[in-house]
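Here are some notes to read beside the model. Please keep the structure open and check each point as you go.

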Amino acid sequence: SYNMYGATIGTVVVNASDDGWSSSTTLWSKSGNMGSSSWLSASITVGDGFGPTGLRFTYTGGSDFTGDFALDDIEVVTGFSPTAVPSPLPTMSQEPSPVPTPQPSPVPTPQPSWSHVPTSAVPTPVPSLLPTPVCDE
């Protein structure tokens, strides 16, 4: 979608290139006030056998600040390439596929109740809040 509204609107151009911009082809252009502040739609078709590797959108402003240009919601859709080889379609079988037989789940091995006790049962010393006795000799 695009919008070109105001007294001094410039020109928007869409170019395409397939050789790293050594050369390009102008696909679409518009100039001047389009007469409304609403969004307009445009569709560009790239000719057969032309597969650009780059698109360039260029806007050149008008002679004053009394014009606004906006561009939004650009969608690039690729189509059929005459040099591309289509991949074969999947084939459909009329025979139903076999249903897998579920395997029994293994029976859990019981663990002794003492196995959840930590292996190091050495108590951790706790600091005392009592004063430390001092010996004067």
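1. Aromatic pairs. Searching the whole structure turns up two aromatic pairs. Rings of Phe, Tyr and Trp (its six-membered ring) pair if their centres lie within 6.5 Å; planes under 30 degrees apart are stacked, over 60 edge-to-face, and the rest tilted. Strands here are DSSP runs of E, at least two residues, numbered from the N terminus.

2. Model and numbering. This is a predicted model: local features need pLDDT of at least 70, side-chain atom pairs count only at pLDDT 80 or more, and totals for chains, interfaces and linings use all residues. Residues are numbered from 1 along each chain as its sequence is written, and side-chain values use heavy atoms, with hydrogens and water left out.

3. The stacked pair. Y59 and F69 are stacked, with 4.6 Å centre to centre and 5 degrees between the planes. Y59 lies in strand β4 (residues 54–60) and F69 in strand β5 (residues 67–71), so the pair ties together parts ten residues apart in sequence. The cut-offs: buried is under 20% relative accessible area, exposed over 50%, partly exposed in between (1.4 Å probe, protein chains only).

4. Y2 and W28 are both buried. They belong to the largest nonpolar core, which has six residues: Y2, M4, I9, V12, V14 and W28. Strands β1 (2–6) and β2 are the elements that give two or more residues to this core. A nonpolar core is a set of buried Ala, Val, Leu, Ile, Met, Phe, Trp, Tyr and Cys residues joined through side-chain atoms within 4.5 Å.

5. N15 lies in strand β2 (residues 11–17). N15 is buried, at 14% relative accessible area. Its side chain makes a polar contact of 2.9 Å with the side chain of T26. A polar contact is a pair of N or O atoms within 3.5 Å; within protein, one must be able to donate a hydrogen and the other to accept it, and residues adjacent in sequence count only if both atoms are side-chain atoms. S17 is in strand β2 too, buried at 2%. The S17 side chain reaches the backbone oxygen of S23 at 2.8 Å.

Key
Helices (H or I, at least four residues) and strands (E, at least two) are DSSP runs, numbered from the N terminus.
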